[in-house]
Amino acid sequence: MIEDDLSSLSVILLDDEEDICRLFLDIAINWGIKSCVATPDVNIFQAAMFDQFFDVAFVDVVLPNNIDGLDLIQTLRDKYPLTEFIAVSGRSDLEARIEVGNLLVSFMKKPLNLEQVKSKLLAIVARKKVL
């Protein structure tokens, strides 16, 4: 069952749109995800990352206050190498930047397609089972 597979995951989302954060939390609960944090606040996001291990981190690439989500991912990947980071943006031209930037992170275009998110999470669960 999908919910059982996703129940082993802890997921965090950083997105400047509060509606997306609320929706993401609702979906995570419905999918049975073990632990989920969704916030538009970079400081809360970083504090949560420090306090708890997350299997997956979705990070919006374009954030308020001139914060570059890709730079944030680069910094956090060094601190949390076991977390899988997924860059999220409504701007499709960022996909090329992510590949060229050698971040080796997944990219998902907004608006997020729930089936694609679920497939991505299930693939992460499957990889973790192999390890």
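## A tour from cysteines to helix 4

Select Cys-36: its sulfur lies 9.2 Å from the closest cysteine sulfur, that of Cys-21, which is too far for a bond. A disulfide is a pair of cysteine sulfur atoms within 2.5 Å, and the structure holds 0 of them.

Before going on, note that this is a predicted model, in which local features need pLDDT of at least 70 and side-chain atom pairs count only at pLDDT 80 or more, while totals for chains, interfaces and linings use all residues. Residues are numbered from 1 along each chain as its sequence is written, and side-chain values use heavy atoms, with hydrogens and water left out.

Stay with the two cysteines. Is Cys-21 buried or exposed? Cys-21 is buried, with a relative accessible area of 4%, whereas Cys-36 is partly exposed at 22%. Buried means under 20% relative accessible area, exposed means over 50%, and partly exposed is in between (1.4 Å probe, protein chains only).

Next, select Ser-10, found in strand 1 (residues 10-14). Strands (E, at least two residues) and helices (H or I, at least four) are DSSP runs, numbered from the N terminus. Ser-10 counts as buried, at 1% relative accessibility. Show the residues that Ser-10 touches (contact means heavy atoms within 4.5 Å): leaving out residues up to four places away in sequence, they are Lys-34, Ser-35, Gln-52, Phe-53, Phe-54, Asp-55 and Val-56. The side chain of Ser-10 reaches the backbone oxygen of Phe-53 at 3.1 Å. This is a polar contact: a pair of N or O atoms within 3.5 Å where, within protein, one must be able to donate a hydrogen and the other to accept it, and residues adjacent in sequence count only if both atoms are side-chain atoms.

Now select Phe-24 and Phe-58. A search of the whole structure finds 1 aromatic pair. The ring centres of Phe-24 and Phe-58 are 5.4 Å apart and the planes stand at 65°, so the pair is edge-to-face. Rings of Phe, Tyr and Trp (its six-membered ring) pair if their centres lie within 6.5 Å; planes under 30 degrees apart count as stacked, over 60 as edge-to-face and the rest as tilted. Phe-24 sits in helix 2 (residues 18-31) and Phe-58 in strand 3 (residues 56-60), 34 residues apart. Both Phe-24 and Phe-58 are buried.

Finish at helix 4 (residues 69-79), where Gly-69, Leu-70, Leu-72, Ile-73 and Leu-76 are buried.
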